Amino acid sequence: MNFRSLFESFANIKVAVIGDLMLDTYWWGKVDRISPEAPVPVVAIDHNEYRLGGAGNVALNLSSLGAQVYMMSVTGTDDDGQLLEVMLKEKRINTDGLYKSSKRITTNKIRIISRNQQMMRLDKEIVTDLETDDEKEFIRTITTGLDTIKPQLVVFEDYNKGVLTGKLIGEVIAYCRQHDIITTVDPKRKNFFAYKGVDLFKPNLKEAYEALNIIDTKVTDANLRAIHNQLHQQLQHRISYITLSEKGVFYEDATEAKIVPAHIRNVADVSGAGDTVIAVASLVYVATKDKSLMAEISNLAGGLVCEEVGTVAIDREKLLKECEELLG
């Protein structure tokens with residue numbers, strides 16, 4: 001495998017990311033004393049940092065790998081929504097698919113960090129489903145955008161924030177199947193079984209156990225194959241791709257099943273690792289249709305971002321170097 005040629009081919013792939021866009025806010029500071037007002041630490045803030053979160057982080061990972069990325073989501077008409085739009089454009093991510101609703105607020109997750117440890121998180125968000133009129137307009141925004149850009153890949157990124165409704169999911173998947181667009185999804189519990197007919201279904205192991213009410217949580221070939229079979233009965237999807245945390249990843253389709261072990265890492269923070277895995281796996285699969293290569297490369301990518309604090313996108317050159325050294 002010529003990994004450099006593979007990575008260069010990503011530039012020819014158009015990807016639409018549809019899902020819950022978030023702003024990740026970090027307040028970095030020092031703790032030197034306890035508040036006289038309550039038994040809580042006082043954090044003296046040094047600086048703020050803003051990052052693309054949720055579906056935005058998936059889009060950022062795809063863009064970092066060189067793909068042509070189109071973000072499709074719903075934000076509020078607030079300052080956080082405007083900031084996200086600016087940040088996406090700075091990363092060369094198309095924002096024509098953003099629908100702004102006066103009935104929503106933009107999701108913002110504020111993390112307070114001292115000495116590289118998260119002390120508190122404050123969430124500003126609305127998690128109810130889109131109202132009918134917003135849902136209708138957003139579906140129209142998506143289909144119009146897909147007609148225009150003609151992507152090879154659509155990635156659904158679901159965080160249970162209400163942007164991805166059952167009706168929207170069904171209509172977009174039907175559109176993609178009609179137009180031969182590959183679909184991949186990183187699901188959450190609420191819409192877990194709404195993604196019928198997708199090409200790649202990527203839950204983590206905990207999500208799969210909970211959705212299927214499985215009690216035996218031993219990571220074995222037999223258990224993982226049973227998960228795939230139960231998922232396939234309900235979803236009729238092409239590939240199950242299950243992340244196993246420190247144990248690696250597992251994939252299965254009609255012809256092949258395999259556990260790919262994780263590589264040893266100095267783990268600093270697992271935030272956003274799932275975003276990186278779905279982004280890399282989706283892109284490699286579209287480029288090669290090779291399930292084993294998809295699993296190997298995305299497994300490496302997920303481990304790499306765990307070595308960084310906070311939500312970060314994959315470093316293309318680092319990933320390329322690891323592919324050449326460990327998979328070559």
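## Close-up views of a predicted model

**View 1. Helix α8 passes helix α9 in a right-handed crossing.** This is a predicted model, and we start with the pair formed by α8 (residues 273–288) and α9 (residues 291–305). Their axes lie 8 Å apart and the helices pack at an angle of about 150°, which makes α8 roughly antiparallel to α9. On the α8 side, look for Ala 273, Thr 276, Val 277, Val 280, Ala 281, Val 284, Tyr 285 and Thr 288. They meet Lys 291, Leu 293, Met 294, Ile 297, Ser 298, Ala 301, Gly 302 and Val 305 of α9.

**View 2. Helices α4 and α5 also make a right-handed crossing.** Here α4 spans residues 132–149 and α5 spans residues 166–178. The axes come within 10 Å and cross at roughly 15°, so α4 and α5 are roughly parallel to each other. From α4, the contact draws on Glu 135, Phe 138, Ile 139, Ile 142, Thr 143, Leu 146 and Asp 147. Their partners in α5 are Lys 167, Leu 168, Glu 171, Val 172 and Tyr 175.

**View 3. Helix α3 has a buried side and a face turned away from it.** The twelve residues of α3 (residues 79–90) reach 17 Å from first C-alpha to last, close to the 16 Å expected at 1.5 Å a residue. Asp 80, Gly 81, Leu 84, Glu 85, Met 87 and Leu 88 of α3 are buried. These six sit on the same side of α3 because they cover an arc of only 165° around the axis. In an α-helix, residues three or four places apart point the same way, because there are 3.6 residues a turn. The buried residues of α3 pack against a set of strands: β2 (21–34), β3 (41–54), β4 (68–75), β5 (93–100), β6 (107–114) and β7 (117–124). On the face turned away from the buried side, you will find the exposed residues Asp 79, Lys 89 and Glu 90. Just after the helix, Arg 92 takes a positive phi of about 60°.

**View 4. Helix α6 is mostly covered.** Six of the eight residues of α6 (residues 205–212) are buried. They are Leu 205, Glu 207, Ala 208, Tyr 209, Ala 211 and Leu 212.

**View 5. Thr 243 lies in strand β11.** The strand covers residues 239–243. Thr 243 counts as buried, because its relative accessibility is 13%, under the 20% cut-off. Leaving aside residues up to four places away in sequence, Thr 243 touches Lys 202, Pro 203, Asn 204, Leu 205, Gly 248, Val 249 and Val 277.

**View 6. Lys 150 and Ser 245 are loop residues with positive phi.** Lys 150 belongs to the loop between α4 and β8 (153–157), and its phi is near 50°. Ser 245 belongs to the loop between β11 and β12 (249–252), with phi near 60°. Neither residue is a glycine. Lys 150 counts as exposed because its relative accessibility is 59%, and Ser 245 counts as exposed because its value is 60%.

How values were computed: Residues are numbered from 1 along each chain as its sequence is written. This is a predicted model: local features need pLDDT of at least 70, side-chain atom pairs count only at pLDDT 80 or more; totals for chains, interfaces and linings use all residues. Side-chain values use heavy atoms; hydrogens and water are left out. Helices (H or I, at least four residues) and strands (E, at least two) are DSSP runs, numbered from the N terminus. The expected span of a helix is 1.5 Å times one less than its number of residues. Buried means under 20% relative accessible area, exposed over 50%, partly exposed in between (1.4 Å probe, protein chains only). The arc is that of the directions from the helix axis to the C-beta atoms. Contact means heavy atoms within 4.5 Å. Axes are lines fitted to C-alpha atoms, for helices over the stretch in contact, and angles run from 0 to 180 degrees between N-to-C directions. Angles under 35 degrees count as roughly parallel, over 145 as roughly antiparallel, 65 to 115 as roughly perpendicular and the rest as oblique. A crossing is left-handed if the near helix is turned anticlockwise from the far one by less than a right angle, and right-handed if clockwise.
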